[in-house]
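Student: I have a chain open on screen. Can we work through its strands and helices together?

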Amino acid sequence: RIIQISSGINAEYGGGSVVAVAGEDFAVVGCDTRLSEGYSILSRDVSKVRKMTKSGLLGCVGFHGDVLTLTKMLESRLKQYKHTHGKDMSCEAMAQMLSATLYYRRFFPYWVYNMVAGVDNSGKGCVFSYDPVGSYERESYRACGSASAIIQPLLDNQLGYKNQSNVDPTPLSRDRVSKMVRDIFAAASERDIYTGDEVEISVIDKNGVETHRFPLRSD
């Protein structure tokens, strides 16, 4: 759909969804690979998750032009930080940098919904969610994008144990979380025309990032 972001300037929402879940010592990020415009599919192979550092992933959905501009700027700042300090930026610092970057453009914001996921300085999994002008918070799980209204209630029930009684909230393994994210996208692609083609699931821990793809509906 078309969103007017300023007088005479329109942004086309590219669709797609991103899900991030923080585990004990890992984080799982899932996204679909469809880029669409209205009822037209522009590409079936566009990842919405980028590896920014050894400990941090960035998920972006929204106006694809702003997604490319924002990620290019963040990659440049991360390189500058590494050259200056001789090390990668931590996941928490990257989350704060993204917040400042979005807030700087608050009067003409990037039409992008972002999530940062990775491993913090203590070795714990972390997820940070944002609004378009930089307000952010650390969470255990979050969904954003065109199917977020479908996915978030399921995450609340299965991971947040909302509306359940006599439940033992035991931490889930990375394999269990990965399978859950895969099933969530399979269900969302049945109801949201902007989510589909493939689901890309990335698992990040202290050893690095492991990524797998699985097919979804392609119609």
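Student: Which residue is the bridge partner of Val-19 in E12?

Tutor: This is a predicted model, where local features need pLDDT of at least 70, side-chain atom pairs count only at pLDDT 80 or more, and totals for chains, interfaces and linings use all residues. Residues are numbered from 1 along each chain as its sequence is written, and side-chain values use heavy atoms, with hydrogens and water left out. Strands (E, at least two residues) and helices (H or I, at least four) are DSSP runs, numbered from the N terminus. Strand E3 (residues 17-22) and E12 run antiparallel, joined by five bridges, and in E12 the partner of Val-19 is Ala-143.

Student: Which residue stands opposite Ala-117 in E10?

Tutor: A second open sheet has the order E7-E8-E9-E10-E11, with antiparallel pairing. Five bridges join E9 (residues 112-119) to E10 (residues 125-130). Opposite Ala-117 stands Val-127.

Student: At roughly what angle do the axes of H1 and H2 cross?

Tutor: H1 spans residues 64-85 and H2 residues 91-104, and their axes come within 11 Å. Leu-70 and Met-73 are among the H1 residues that meet H2, whose side includes Met-94 and Met-97. The axes cross at roughly 130°.

Student: At what distance does a polar contact join the side chains of Ser-47 and Glu-200?

Tutor: Ser-47 sits in the loop between strand E6 (40-43) and strand E7 (49-53). A polar contact is a pair of N or O atoms within 3.5 Å; within protein, one must be able to donate a hydrogen and the other to accept it, and residues adjacent in sequence count only if both atoms are side-chain atoms. The Ser-47 side chain also reaches the backbone oxygen of Val-49 at 3.1 Å. With Glu-200, the distance is 2.7 Å.

Terms used:
Axes are lines fitted to C-alpha atoms, for helices over the stretch in contact, and angles run from 0 to 180 degrees between N-to-C directions. Contact means heavy atoms within 4.5 Å. Two strands pair if DSSP finds at least two bridges between them.
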